[in-house]
Amino acid sequence: MRFRTLARSALASTLIAATGLVAAVAPARAADTSTVLQGVKFVKDIAAANGRLFISASNQIVVADESGTTVGAVTGLAEPHGLAVAPDGSRLYAALNASNEIVEIDTAALTVTRRFDLAAYPYPAYVSLAGNRLWVGYGPTNSWSGGIVGLDLSVATPEPVRIASGLYGPPKVAAGGTTVVAGETGSSPADLFVYDVSTTPATLRGVLDGHDINVMYLKDITITADGSRAITAFDSPYRYDIWDTASLTRVGAYGEEPTFVGFPHAVALSPDGAHVIGARASRDRIELAGPRIGVYDAATTTKLHNADNPAGQVVEGALTFSGTDAFTVLYEMSTGRYTLWRLRGATLAASSVTATAPATGTALVPLTVTGRLTLSDGSAPGAQPVVVTRRYTDGTSATLGPVTTATDGTFSLTDKPPVGGTVHYDVLWDGNSAFRWNQGTAIVEVARQPATVSLTGPTTANVARNLRFSGALTTPGRALTPGTSVTVTRILNGDETTMVILPAVFPASDGTFRLIDTPGAPGSYTYTARWDGDATFLPARADHIVVVK
């Protein structure tokens with residue numbers, strides 16, 4: 001007997017969402033971008049066409065440009081789920097889960113041009129396009145009523161042709177050439193079904209039994225254009241498996257890591273077939289960790305880039321390429337917010353930036369940051385601008401200006417950190433048409449400068465006589481900030497309980513100050529001038545003893 005673990009009920013998911021962990025949101029790395037999709041709820045998929053992004057959201061498809069700026073929407077759609085784009089980018093197909101339809105959208109005019117009725121095959125959820133045929137995974141969740149139908153888009157009113165039924169949940173589908181690969185959703189283990197659709201009716205080429213291949217909870221499938229290879233993202237194993245669709249065997253994987261780095265949630269193949277991108281859920285399912293994306297060479301499976309973002313979790317299956325960039329949508333449970341994450345230049349060759357600085361330094365004292373820009377093909381970068389930013393852990397930062405590398409990629413910059421603390425020197429190269437941007441960071445623990453306070457005056461005096469004192473607060477390398485004050489106290493005979501705080505003293509611009517005091521009784525008085533310091537300078541004090549007779 002085969003046993004399955006079914007997905008959590010909607011009620012259980014709601015309870016988990018209601019008690020979601022609170023997560024701090026931080027921006028992604030410098031040259032990638034994160035844009036909050038204001039007012040957007042219920043994101044299911046993302047697709048790209050002709051420099052635009054299409055995001056299925058509640059009752060509309062939001063349209064954004066590649067910077068993440070919303071430029072329009074196709075409204076009046078009943079819960080759009082899966083999206084597919086025609087190869088020339090002129091048409092977008094969306095599964096409308098609530099109205100049991102497929103819509104065809106003109107991507108330039110943002111208008112619905114055709115509607116296909118799927119009332120007999122309710123709850124369409126996932127779509128995949130190969131040639132003129134659109135394949136649709138349909139069915140209610142958490143049931144054995146799922147199936148697959150095909151639509152011939154070359155005719156005005158295509159008649160749905162069913163190729164599978166009785167599957168668990170709406171199956172995810174991926175179509176390429178004359179092959180359709182489908183996988184059950186919401187169950188574990190999850191089976192994969194491979195169909196030959198070169199004839200009508202389609203032929204079931206075989207089943208990859210989830211027990212036999214040891215997989216749990218299918219999250220996404222993609223396929224090569226010719227249909228010869230399918231790539232899957234399962235909750236487990238923690239990689240993106242490559243399947244030969246003819247022999248029904250596993251022939252490789254992307255993202256095999258020596259340690260666990262997250263649960264695969266989405267996988268996509270670039271339109272030219274040269275790159276694969278995989279997105280993982282957080283390494284411990286806590287939003288603070290955020291997702292990790294890996295970009296791989298499709299032919300060699302070599303990892304080219306990694307990127308992380310703590311702004312939420314990847315929406316299952318929501319991953320796409322546009323030009324040299326990659327895009328996904330993140331969901332933050334604690335706020336209900338969706339964010340569009342752009343990985344700029346994801347398919348470009350790699351570069352690296354190293355930055356080196358002394359481990360320690362002192363505020364206002366020059367230190368030198370050096371480093372090198374290196375290109376993955378070993379060529380000399382030539383003169384390239386890099387931007388150096390001085391950043392403190394409290395979030396304050398300052399751009400130190402562009403620095404130009406030497407022909408071999410080396411660079412150097414001298415800086416005087418203005419205050420103490422942990423300083424990050426971030427060195428960013430923005431990339432070019434052939435190489436992806438990169439950033440290096442050097443960390444310096446910067447100590448505060450010593451300051452000095454002096455206090456002079458009489459050493460003996462008679463009771464009830466005015467005592468005149470002078471002093472100076474010195475902050476080397478920096479003029480005093482207007483309004484800086486020095487606190488002066490006196491203590492009689494070393495008894496702390498007799499401390500008197502005298503009126504605040506405000507030094508002149510050169511740091512000098514004067515004060516007058518009149519003790520009321522004989523004894524040994526200790527006068528203390530104290531400055532509490534600031535972010536740049538350490539505290540300082542000076543004592544002066546006067547014996548009053």
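The model is predicted, so local features need pLDDT of at least 70 and side-chain atom pairs count only at pLDDT 80 or more, while totals for chains, interfaces and linings use all residues. Residues are numbered from 1 along each chain as its sequence is written, and side-chain values use heavy atoms, with hydrogens and water left out.

**Aromatic pairs**

The whole structure contains 10 aromatic pairs. Rings of Phe, Tyr and Trp (its six-membered ring) pair if their centres lie within 6.5 Å; planes under 30 degrees apart count as stacked, over 60 as edge-to-face and the rest as tilted. Two of the pairs are tabulated below.

| Pair | Centre to centre | Angle between planes | Class |
|---|---|---|---|
| Y238 and F260 | 4.6 Å | 65° | edge-to-face |
| F469 and Y527 | 4.5 Å | 40° | tilted |

Y238 sits in the loop between β21 (229-236) and β22 (240-244), and F260 in the loop between β23 (249-254) and β24 (264-269), so their pair ties together parts 22 residues apart in sequence. Strands (E, at least two residues) are DSSP runs, numbered from the N terminus. Y238 is partly exposed at 39% relative accessibility, and F260 is partly exposed at 37%. For these classes, buried means under 20% relative accessible area, exposed over 50%, and partly exposed in between (1.4 Å probe, protein chains only). Ring pairs also join Y238, F260 and F263 in a cluster.

In the tilted pair, F469 belongs to strand β41 (residues 467-474) and Y527 to strand β45 (residues 523-531), 58 residues apart. Both F469 and Y527 are buried.

**Cavity**

A cavity is a set of points, on a 1 Å grid over the protein atoms alone, where a 1.4 Å probe fits but cannot get out; lining residues have an atom within 4 Å of a point. Grid points are joined across faces, edges and corners, and a volume is the space filled by probe spheres set on the points. The largest cavity has a volume of about 30 Å³. Its lining consists of V181, L192, V194, L208, A230, W243, D244, T245 and L248. Strands β18 (192-196) and β22 each contribute at least two lining residues.

**Residue L340**

L340 lies in strand β30 (residues 337-343) and is buried, with 2% relative accessibility. The C-alpha atoms of L340 and S34 are 5.6 Å apart, although 306 residues separate them along the chain. Leaving aside residues up to four places away in sequence, L340 has contacts (heavy atoms within 4.5 Å) with residues including T33, S34, I46, F327 and V329.

Terms used: Helices (H or I, at least four residues) and strands (E, at least two) are DSSP runs, numbered from the N terminus. On a 1 Å grid over the protein atoms alone, a cavity is a set of points where a 1.4 Å probe fits but cannot get out, and a pocket is an open set with protein on both sides within 12 Å along at least five of seven lines; lining residues have an atom within 4 Å of a point.
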